[in-house]
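Please open the model in a viewer and keep the selection panel at hand. The tour moves from the ligand to a pair of helices and then to the domains.

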Amino acid sequence: MTAIQPADPAAPSVPPKMMTSLRVDDDSIHVVNQLLLPHEIQWDACESVEDAYDAIKSMRIRGAPAIASLAALTISLLLSQRLKSPTADLIPATSASAYSLSPLSTSSALSEWVNSVVDHLQSSRPTAVNLSEAMNRIRSALKAYTGDSAEELAKQLIETCQAVHANDLERNKQMSKLGADWLFERRAKDGKKKLKVMTVCNTGSLATSGYGTALGVITNLFETGRLERAYYTQSTPYHQGSRLTSLELSTLGIPSCMICDTMVGSLFQHQDIDAVIVGADRVVKNGDTANKIGTYQAAALAKLHGIPFMVIAPVTTLDMNISHGKDIHIEQRPPIEATLARGVVVSPPSDLTTPSDNSTASTRPPQAVVQITPNAIGKGDNLIYNPSFDVTPAKLITCVVTEVGVAENAGDKDEIDLSKVL
Ligand code: MRU
């Protein structure tokens with residue numbers, strides 16, 4: 001890793017050291033390819049609905065708020081281009097798009113285009129509710145428009161789309177402070193001055209418009225001198241922890257410790273962990289929470305060890321239309337993804353006892369995707385189970401924190417009252 005990425009210019013208050021997943025200006029959107037991080041920084045242009053869909057589906061961008069931002073900003077970009085060139089052929093003949101936007105004629109023709117695009121983008125990843133919430137906001141703006149000017153409608157839609165991205169950073173900072181203060185207040189009663197916390201997956205600025213949710217709480221604890229160390233799971237098979245959270249924590253100078261997903265129980269037995277802090281892809285009405293695979297087992301172990309388990313998520317992640325976690329649609333990833341690992345080549349390793357320092361571009365070894373299973377795995381009767389998320393029941397959750405407040409699960413109930421954090 002040689003360079004720290006400058007913050008997103010569209011979000012000027014992102015602290016300069018924080019990574020960002022999106023670069024947005026009036027004429028373009030670029031997505032940092034998270035499949036290549038942490039070893040290579042490659043910014044891919046997102047120029048069409050298909051580009052956005054592919055980036056989300058392939059997880060070149062991931063994290064519930066970030067994928068919602070990309071989908072909304074792509075629609076905004078295409079509408080802005082059309083407003084600037086009302087009649088021009090915007091799509092080069094070589095890259096015909098099934099979702100190219102015709103010259104603006106009537107508001108009903110524009111509505112038809114927007115409806116088909118939001119349906120398509122929403123289908124890219126089903127579990128994170130933020131994406132459907134953002135697409136629903138656009139649908140509501142369409143329904144609310146009563147005029148007949150395609151230009152005027154396009155302008156209103158652009159505002160709606162841009163708000164999806166712009167609102168995210170500020171609310172992350174709010175929930176991060178609320179969560180950090182809530183936890184510290186409780187642990188300080190036991191005489192704790194600096195906390196050890198554990199997280200799962202990546203919930204930082206790469207997964208959001210900046211600062212992060214669970215990682216935002218950890219960042220706040222660090223910035224206010226209240227963090228001893230952040231432990232994080234590798235979060236296989238995509239390795240959001242070992243590839244992305246590792247990068248964010250080390251870039252920010254936050255003391256950290258990576259553990260394999262299999263080591264959570266051991267960590268709780270041998271370290272005095274003050275809390276497990278995770279993000280969410282969907283929190284439903286009773287408080288059941290879908291998050292990265294591995295979250296449920298961390299919550300069960302936390303309960304066994306009496307460790308508070310905190311869910312940090314924006315209001316846009318709360319889904320009051322689903323009553324129970326069992327009804328959440330869990331995305332199954334392609335089985336092959338669980339058979340592969342990505343990284344730089346260190347073989348034949350000269351010394352496997354010290355991590356390699358791939359520090360300069362000229363000496364950096366090539367990236368590779370390697371298969372870690374026998375060829376027969378994933379074929380015939382050799383199955384692979386690869387859900388992207390699991391559901392943690394509300395009774396294992398100590399509190400849900402949003403930008404609005406903290407909903408506590410007093411008495412380990414089966415349900416958390418989310419009404420005051422909506
Ligand atoms: O599959 P991913 O990497 O998109 O999953 C991400 C998570 O599960 C995060 O915890 C969640 O989206 C919250 S990100 C602020």
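Begin with the shell around the ligand, which takes at least three residues from each of domain 1 (22-167) and domain 2 (172-332 + 387-421); these bounds come from an automatic or database domain assignment. The model is predicted: local features need pLDDT of at least 70, side-chain atom pairs count only at pLDDT 80 or more, and totals for chains, interfaces and linings use all residues. Residues are numbered from 1 along each chain as its sequence is written.

Select the 17 residues around the ligand; R62, A64, A207, G279 and K292 come nearest. Here, a residue is near if its C-beta atom, placed from the backbone, lies within 6 Å of the molecule. Two or more shell residues come from each of α2 (64-84) and β9 (289-292), where helices (H or I, at least four residues) and strands (E, at least two) are DSSP runs numbered from the N terminus.

Next, select α2 together with α4 (residues 129-144): they pack at about 30°, with axes 7 Å apart. Axes are lines fitted to C-alpha atoms, for helices over the stretch in contact, and angles run from 0 to 180 degrees between N-to-C directions. The packing angle therefore makes α2 roughly parallel to α4, a term for angles under 35 degrees. Among the contacting residues are A64, I67 and A71 of α2 and L131, A134 and I138 of α4; contact requires C-beta atoms, placed from the backbone, within 7 Å.

Note on methods
Angles under 35 degrees count as roughly parallel, over 145 as roughly antiparallel, 65 to 115 as roughly perpendicular and the rest as oblique. Two residues are in contact if their C-beta atoms, placed from the backbone, lie within 7 Å.
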